[in-house]
Amino acid sequence: METRTKHSIAEIAKICGVSKATVSRVINNSPCGVGEETKQRVLEVMARLNYRPNALARSIAVSRSNMIGVVVPDVSNLFYPKVIRGITDYLDQKGYSVILGNSDYNPEKEAALLMSMVDKRVDGAILCSGVSNRKFLEEYRKYHVPLVLLGRTFDNSVSDASITGDNVKGAKKAASYLLRGGNRRIVYLEGNQEISGSKQRPQGYREALNEQNIPIDENLIRFGDYSVEFGRQAVEQLLKEGILFDAVMTGSDLIAIGAVSGLLDHGIRVPEEVEVMGFDNIELSQVFRPALSTVSKPHYEMAQYLARKVMEVIEGKKTEMAHMVVEPSLKLRETTRKRDYDSEYD
(Lines give C-alpha, C1' and ligand atoms only; values in the text may rest on other atoms or scores of the structure.)
Protein backbone atom coordinates (compact mmCIF):
# COMPACT_ATOMS: atom_id res chain seq x y z
CA MET A 1 0.00 0.00 0.00
CA GLU A 2 1.40 3.39 -1.03
CA THR A 3 2.08 5.78 1.80
CA ARG A 4 1.76 9.49 1.29
CA THR A 5 4.25 11.62 3.20
CA LYS A 6 3.48 15.26 3.85
CA HIS A 7 6.64 17.28 3.86
CA SER A 8 7.20 20.44 5.86
CA ILE A 9 8.97 23.73 5.24
CA ALA A 10 11.52 22.66 7.87
CA GLU A 11 12.42 19.51 5.86
CA ILE A 12 12.81 21.48 2.64
CA ALA A 13 14.98 24.03 4.43
CA LYS A 14 17.21 21.25 5.83
CA ILE A 15 17.62 19.56 2.44
CA CYS A 16 18.48 22.89 0.77
CA GLY A 17 20.72 24.06 3.58
CA VAL A 18 18.77 27.28 4.06
CA SER A 19 16.54 28.75 6.75
CA LYS A 20 12.77 28.21 6.97
CA ALA A 21 12.38 31.94 6.39
CA THR A 22 14.15 31.59 3.04
CA VAL A 23 11.81 28.76 1.98
CA SER A 24 8.84 30.89 3.02
CA ARG A 25 10.12 33.78 0.90
CA VAL A 26 10.34 31.47 -2.11
CA ILE A 27 6.84 30.11 -1.54
CA ASN A 28 5.43 33.63 -1.22
CA ASN A 29 7.47 34.84 -4.20
CA SER A 30 9.05 37.55 -2.08
CA PRO A 31 10.93 40.05 -4.27
CA CYS A 32 13.89 40.36 -1.90
CA GLY A 33 16.10 38.33 0.42
CA VAL A 34 16.62 35.26 -1.82
CA GLY A 35 19.19 34.84 -4.59
CA GLU A 36 18.14 33.31 -7.91
CA GLU A 37 20.32 30.22 -7.46
CA THR A 38 18.88 29.55 -3.98
CA LYS A 39 15.37 30.13 -5.24
CA GLN A 40 15.77 27.58 -8.04
CA ARG A 41 17.29 25.03 -5.64
CA VAL A 42 14.31 25.38 -3.26
CA LEU A 43 11.82 25.14 -6.14
CA GLU A 44 13.51 21.98 -7.46
CA VAL A 45 13.33 20.28 -4.05
CA MET A 46 9.68 21.29 -3.65
CA ALA A 47 8.89 19.83 -7.08
CA ARG A 48 10.78 16.60 -6.34
CA LEU A 49 8.89 16.14 -3.05
CA ASN A 50 5.55 17.15 -4.63
CA TYR A 51 5.30 19.77 -1.92
CA ARG A 52 2.28 22.07 -1.90
CA PRO A 53 2.14 24.95 0.61
CA ASN A 54 -0.48 24.86 3.33
CA ALA A 55 -2.96 27.37 1.89
CA LEU A 56 -4.71 27.90 5.23
CA ALA A 57 -1.48 28.57 7.09
CA ARG A 58 -0.34 30.90 4.32
CA SER A 59 -3.65 32.77 4.41
CA ILE A 60 -3.22 33.33 8.14
CA ALA A 61 0.29 34.64 7.59
CA VAL A 62 -0.57 37.03 4.77
CA SER A 63 -4.20 37.77 5.81
CA ARG A 64 -5.38 36.73 2.34
CA SER A 65 -6.88 33.37 1.33
CA ASN A 66 -7.44 34.10 -2.37
CA MET A 67 -10.88 32.55 -2.01
CA ILE A 68 -14.32 34.06 -2.56
CA GLY A 69 -17.46 32.53 -1.09
CA VAL A 70 -20.45 32.28 -3.43
CA VAL A 71 -23.94 31.39 -2.18
CA VAL A 72 -26.74 30.59 -4.65
CA PRO A 73 -30.24 29.30 -3.91
CA ASP A 74 -29.96 26.19 -6.10
CA VAL A 75 -27.16 25.41 -8.56
CA SER A 76 -29.46 22.95 -10.38
CA ASN A 77 -31.70 25.88 -11.34
CA LEU A 78 -30.45 26.60 -14.87
CA PHE A 79 -30.33 30.35 -14.17
CA TYR A 80 -27.29 29.93 -11.90
CA PRO A 81 -24.65 28.02 -13.95
CA LYS A 82 -24.13 31.07 -16.16
CA VAL A 83 -23.96 33.30 -13.08
CA ILE A 84 -21.30 31.06 -11.54
CA ARG A 85 -19.43 30.98 -14.85
CA GLY A 86 -19.42 34.77 -15.01
CA ILE A 87 -18.02 34.96 -11.47
CA THR A 88 -15.33 32.31 -11.95
CA ASP A 89 -14.24 33.60 -15.37
CA TYR A 90 -13.44 36.95 -13.78
CA LEU A 91 -11.90 35.60 -10.56
CA ASP A 92 -9.69 33.14 -12.46
CA GLN A 93 -7.92 36.13 -13.98
CA LYS A 94 -7.26 37.41 -10.46
CA GLY A 95 -5.88 34.10 -9.19
CA TYR A 96 -8.89 33.51 -6.95
CA SER A 97 -10.82 30.32 -6.23
CA VAL A 98 -14.49 29.95 -5.31
CA ILE A 99 -16.21 28.14 -2.44
CA LEU A 100 -19.80 27.42 -3.50
CA GLY A 101 -22.84 26.81 -1.31
CA ASN A 102 -26.55 26.14 -1.99
CA SER A 103 -28.99 27.92 0.33
CA ASP A 104 -32.12 26.10 -0.93
CA TYR A 105 -34.01 29.42 -0.63
CA ASN A 106 -33.69 29.06 3.14
CA PRO A 107 -32.56 32.25 4.95
CA GLU A 108 -31.25 30.28 7.94
CA LYS A 109 -29.14 28.02 5.73
CA GLU A 110 -27.98 31.08 3.80
CA ALA A 111 -26.80 32.70 7.04
CA ALA A 112 -25.06 29.48 8.14
CA LEU A 113 -23.22 29.25 4.81
CA LEU A 114 -22.03 32.85 5.04
CA MET A 115 -20.76 32.26 8.57
CA SER A 116 -18.95 29.07 7.51
CA MET A 117 -17.21 31.13 4.85
CA VAL A 118 -16.05 33.56 7.51
CA ASP A 119 -14.56 30.55 9.31
CA LYS A 120 -12.83 29.50 6.09
CA ARG A 121 -11.30 32.98 5.91
CA VAL A 122 -12.70 33.94 2.50
CA ASP A 123 -11.56 37.34 1.28
CA GLY A 124 -15.07 38.26 0.12
CA ALA A 125 -18.56 36.86 -0.46
CA ILE A 126 -21.02 37.02 -3.34
CA LEU A 127 -24.58 36.34 -2.27
CA CYS A 128 -27.21 35.46 -4.87
CA SER A 129 -30.44 35.62 -2.93
CA GLY A 130 -34.04 36.65 -2.83
CA VAL A 131 -34.55 35.71 0.80
CA SER A 132 -31.76 37.60 2.60
CA ASN A 133 -32.46 38.59 6.17
CA ARG A 134 -31.53 42.25 6.43
CA LYS A 135 -30.95 42.06 10.19
CA PHE A 136 -28.48 39.19 9.71
CA LEU A 137 -26.66 41.02 6.92
CA GLU A 138 -26.29 44.08 9.16
CA GLU A 139 -24.70 41.83 11.80
CA TYR A 140 -22.52 40.16 9.16
CA ARG A 141 -20.78 43.46 8.46
CA LYS A 142 -18.95 43.26 11.78
CA TYR A 143 -16.80 40.42 10.37
CA HIS A 144 -15.41 42.86 7.77
CA VAL A 145 -15.87 40.44 4.88
CA PRO A 146 -16.59 42.35 1.64
CA LEU A 147 -20.10 41.40 0.53
CA VAL A 148 -21.86 41.94 -2.80
CA LEU A 149 -25.41 40.94 -3.72
CA LEU A 150 -27.06 39.58 -6.87
CA GLY A 151 -30.84 39.76 -7.06
CA ARG A 152 -31.42 42.26 -4.29
CA THR A 153 -30.41 45.85 -3.64
CA PHE A 154 -29.57 47.19 -0.21
CA ASP A 155 -27.80 50.32 0.89
CA ASN A 156 -24.14 50.47 1.84
CA SER A 157 -24.83 49.47 5.43
CA VAL A 158 -25.27 45.82 4.44
CA SER A 159 -23.40 45.39 1.15
CA ASP A 160 -20.49 46.90 -0.72
CA ALA A 161 -22.21 46.53 -4.09
CA SER A 162 -25.35 45.01 -5.57
CA ILE A 163 -27.01 44.43 -8.92
CA THR A 164 -30.44 43.16 -9.87
CA GLY A 165 -32.76 43.08 -12.82
CA ASP A 166 -35.82 45.31 -12.59
CA ASN A 167 -38.39 42.57 -12.04
CA VAL A 168 -41.36 44.93 -12.03
CA LYS A 169 -40.43 46.54 -15.36
CA GLY A 170 -39.54 43.19 -16.90
CA ALA A 171 -42.87 41.60 -16.02
CA LYS A 172 -44.78 44.72 -17.02
CA LYS A 173 -43.01 44.74 -20.38
CA ALA A 174 -43.94 41.09 -20.97
CA ALA A 175 -47.58 41.58 -19.97
CA SER A 176 -47.89 44.75 -22.05
CA TYR A 177 -46.53 42.94 -25.10
CA LEU A 178 -49.08 40.13 -24.71
CA LEU A 179 -51.90 42.64 -24.16
CA ARG A 180 -50.84 44.63 -27.22
CA GLY A 181 -51.27 41.44 -29.26
CA GLY A 182 -54.93 41.18 -28.25
CA ASN A 183 -54.67 38.78 -25.30
CA ARG A 184 -57.00 39.54 -22.41
CA ARG A 185 -56.98 36.39 -20.27
CA ILE A 186 -53.32 36.13 -19.29
CA VAL A 187 -52.31 33.45 -16.80
CA TYR A 188 -49.47 34.37 -14.47
CA LEU A 189 -47.36 31.53 -12.99
CA GLU A 190 -44.74 32.35 -10.35
CA GLY A 191 -42.36 30.48 -8.06
CA ASN A 192 -41.72 30.70 -4.31
CA GLN A 193 -43.82 33.54 -2.86
CA GLU A 194 -41.14 34.29 -0.23
CA ILE A 195 -38.57 35.31 -2.84
CA SER A 196 -38.25 39.04 -3.51
CA GLY A 197 -38.52 38.60 -7.30
CA SER A 198 -41.68 36.55 -6.87
CA LYS A 199 -43.22 39.49 -5.04
CA GLN A 200 -42.05 42.09 -7.57
CA ARG A 201 -42.94 40.44 -10.90
CA PRO A 202 -46.68 40.04 -10.15
CA GLN A 203 -46.71 43.77 -9.44
CA GLY A 204 -45.57 44.45 -13.01
CA TYR A 205 -48.23 42.07 -14.34
CA ARG A 206 -50.94 43.85 -12.36
CA GLU A 207 -49.75 47.31 -13.43
CA ALA A 208 -49.93 46.36 -17.11
CA LEU A 209 -53.50 45.05 -16.77
CA ASN A 210 -54.59 48.06 -14.73
CA GLU A 211 -53.28 50.46 -17.38
CA GLN A 212 -55.49 48.71 -19.94
CA ASN A 213 -58.48 48.73 -17.54
CA ILE A 214 -58.58 44.94 -17.58
CA PRO A 215 -59.97 43.42 -14.35
CA ILE A 216 -57.49 41.17 -12.59
CA ASP A 217 -58.79 37.62 -12.20
CA GLU A 218 -57.05 36.08 -9.20
CA ASN A 219 -57.90 32.62 -10.57
CA LEU A 220 -55.34 33.24 -13.30
CA ILE A 221 -52.49 33.81 -10.83
CA ARG A 222 -50.79 30.69 -9.43
CA PHE A 223 -47.71 30.23 -7.23
CA GLY A 224 -45.53 27.15 -6.86
CA ASP A 225 -41.80 26.64 -7.39
CA TYR A 226 -39.24 27.31 -10.11
CA SER A 227 -39.60 24.02 -11.95
CA VAL A 228 -40.78 22.53 -15.22
CA GLU A 229 -43.11 20.26 -13.27
CA PHE A 230 -44.92 23.16 -11.60
CA GLY A 231 -45.50 24.83 -14.97
CA ARG A 232 -46.95 21.64 -16.42
CA GLN A 233 -49.14 20.91 -13.40
CA ALA A 234 -50.41 24.51 -13.21
CA VAL A 235 -51.58 24.45 -16.83
CA GLU A 236 -53.20 21.06 -16.37
CA GLN A 237 -55.03 22.30 -13.29
CA LEU A 238 -56.30 25.41 -15.10
CA LEU A 239 -57.59 23.26 -17.96
CA LYS A 240 -59.17 20.82 -15.51
CA GLU A 241 -60.96 23.70 -13.79
CA GLY A 242 -62.27 24.90 -17.16
CA ILE A 243 -60.63 28.31 -16.81
CA LEU A 244 -60.27 30.08 -20.15
CA PHE A 245 -57.03 31.86 -21.06
CA ASP A 246 -55.25 33.00 -24.20
CA ALA A 247 -51.69 33.58 -22.90
CA VAL A 248 -49.34 32.46 -20.14
CA MET A 249 -46.52 34.49 -18.62
CA THR A 250 -44.24 33.17 -15.92
CA GLY A 251 -41.59 34.15 -13.39
CA SER A 252 -38.99 31.74 -14.81
CA ASP A 253 -38.14 29.98 -18.05
CA LEU A 254 -38.38 26.57 -16.38
CA ILE A 255 -41.99 27.23 -15.40
CA ALA A 256 -42.71 28.47 -18.94
CA ILE A 257 -41.16 25.36 -20.53
CA GLY A 258 -43.38 23.22 -18.30
CA ALA A 259 -46.42 25.28 -19.31
CA VAL A 260 -45.65 24.84 -23.02
CA SER A 261 -45.24 21.09 -22.53
CA GLY A 262 -48.55 20.88 -20.67
CA LEU A 263 -50.38 22.83 -23.38
CA LEU A 264 -48.93 20.71 -26.19
CA ASP A 265 -49.77 17.51 -24.31
CA HIS A 266 -53.42 18.63 -24.34
CA GLY A 267 -53.39 19.41 -28.03
CA ILE A 268 -53.31 23.19 -27.56
CA ARG A 269 -51.15 24.88 -30.18
CA VAL A 270 -48.43 27.29 -29.07
CA PRO A 271 -48.44 30.15 -30.03
CA GLU A 272 -51.47 29.93 -32.35
CA GLU A 273 -53.99 29.29 -29.56
CA VAL A 274 -52.04 30.25 -26.44
CA GLU A 275 -48.92 32.43 -26.30
CA VAL A 276 -46.27 31.78 -23.64
CA MET A 277 -43.64 34.17 -22.21
CA GLY A 278 -40.85 33.08 -19.86
CA PHE A 279 -38.47 35.07 -17.67
CA ASP A 280 -34.62 35.02 -17.42
CA ASN A 281 -33.52 33.85 -20.90
CA ILE A 282 -31.59 30.80 -19.70
CA GLU A 283 -29.70 28.87 -22.40
CA LEU A 284 -32.31 26.12 -22.48
CA SER A 285 -34.92 28.63 -23.66
CA GLN A 286 -33.07 28.90 -27.00
CA VAL A 287 -32.82 25.16 -27.74
CA PHE A 288 -36.23 24.13 -26.40
CA ARG A 289 -38.83 23.65 -29.14
CA PRO A 290 -40.74 25.75 -29.75
CA ALA A 291 -38.00 28.22 -28.77
CA LEU A 292 -39.17 30.25 -25.81
CA SER A 293 -39.98 33.95 -25.89
CA THR A 294 -38.74 35.40 -22.62
CA VAL A 295 -37.69 38.38 -20.55
CA SER A 296 -33.92 38.64 -20.84
CA LYS A 297 -31.41 39.74 -18.22
CA PRO A 298 -27.65 39.80 -18.87
CA HIS A 299 -26.91 37.49 -15.96
CA TYR A 300 -23.36 36.58 -17.11
CA GLU A 301 -22.43 40.27 -17.32
CA MET A 302 -24.20 41.00 -14.02
CA ALA A 303 -22.18 38.23 -12.35
CA GLN A 304 -18.92 39.59 -13.79
CA TYR A 305 -19.85 43.05 -12.51
CA LEU A 306 -20.20 41.70 -8.96
CA ALA A 307 -16.96 39.73 -9.16
CA ARG A 308 -15.19 42.89 -10.25
CA LYS A 309 -16.80 44.90 -7.45
CA VAL A 310 -15.85 42.46 -4.71
CA MET A 311 -12.25 42.49 -5.98
CA GLU A 312 -12.22 46.30 -5.98
CA VAL A 313 -13.20 46.28 -2.32
CA ILE A 314 -10.59 43.63 -1.46
CA GLU A 315 -7.90 45.61 -3.27
CA GLY A 316 -8.92 48.86 -1.59
CA LYS A 317 -10.01 50.55 -4.79
CA LYS A 318 -12.78 53.13 -5.00
CA THR A 319 -16.02 51.52 -6.16
CA GLU A 320 -18.10 53.55 -8.61
CA MET A 321 -21.80 52.87 -9.31
CA ALA A 322 -21.86 50.20 -6.62
CA HIS A 323 -25.63 49.57 -6.61
CA MET A 324 -27.28 48.98 -9.98
CA VAL A 325 -30.71 48.01 -11.30
CA VAL A 326 -30.71 46.65 -14.88
CA GLU A 327 -33.80 47.01 -17.06
CA PRO A 328 -34.63 43.69 -18.79
CA SER A 329 -35.54 43.35 -22.46
CA LEU A 330 -37.78 40.97 -24.38
CA LYS A 331 -36.28 38.12 -26.39
CA LEU A 332 -39.01 37.14 -28.85
CA ARG A 333 -38.88 33.63 -30.30
CA GLU A 334 -41.45 30.96 -31.23
CA THR A 335 -43.87 30.80 -28.29
CA THR A 336 -45.35 34.21 -29.17
CA ARG A 337 -46.94 35.19 -32.47
CA LYS A 338 -45.03 37.43 -34.89
CA ARG A 339 -46.16 41.05 -34.83
CA ASP A 340 -45.43 43.94 -37.17
CA TYR A 341 -43.94 45.87 -34.26
CA ASP A 342 -41.60 43.14 -32.93
CA SER A 343 -38.58 45.13 -34.14
CA GLU A 344 -39.41 47.72 -31.45
CA TYR A 345 -38.33 45.15 -28.85
CA ASP A 346 -34.98 44.20 -30.43
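Me: Which strands does helix α9 lie across, and at what angle does α9 run to β6?

Reply: Helix α9 covers residues 196-211. Helices (H or I, at least four residues) and strands (E, at least two) are DSSP runs, numbered from the N terminus. Axes are lines fitted to C-alpha atoms, for helices over the stretch in contact (heavy atoms within 4.5 Å), and angles run from 0 to 180 degrees between N-to-C directions. Helix α9 lies across β6 (186-190), β7, β8 (247-250) and β9, and its angle to β6 is about 170°.

Me: What kind of model is this, and how are residues numbered?

Reply: This is a predicted model, where local features need pLDDT of at least 70, side-chain atom pairs count only at pLDDT 80 or more, and totals for chains, interfaces and linings use all residues. Side-chain values use heavy atoms, with hydrogens and water left out, and residues are numbered from 1 along each chain as its sequence is written.

Me: Which strands does helix α11 touch, and what angle does α11 make with β9?

Reply: Helix α11 spans residues 253-265 and packs on the sheet. Its contacts are with β6, β8, β9 and β10, and its direction makes an angle with that of β9 of about 160°.

Me: What is the strand order of the open sheet, and which strands are at the edges?

Reply: The open sheet has six strands with mixed pairing, in the order β7-β6-β8-β9-β10-β12. Two strands pair if DSSP finds at least two bridges between them. Each edge strand pairs on one side only, and these are β7 (221-223) and β12.

Me: In what sense does β10 pair with β9, and in what sense with β12?

Reply: Strands β9 (275-280) and β10 (293-296) pair over four bridges, in the parallel sense. Gly278 stands opposite Thr294, and Asp280 stands opposite Ser296. Ser296 also has Ser329 in β12 as its bridge partner. β10 and β12 pair over three bridges, and their sense is antiparallel.

Me: Is Thr336 buried or exposed, and which side chain makes a polar contact with that of Thr336?

Reply: Thr336 sits in the segment after β12 (329-331). Thr336 has a relative accessible area of 3%, so it is buried (under 20%; exposed is over 50%, partly exposed in between; 1.4 Å probe, protein chains only). A polar contact is a pair of N or O atoms within 3.5 Å; within protein, one must be able to donate a hydrogen and the other to accept it, and residues adjacent in sequence count only if both atoms are side-chain atoms. At 2.7 Å, the partner of the Thr336 side chain is that of Ser293.
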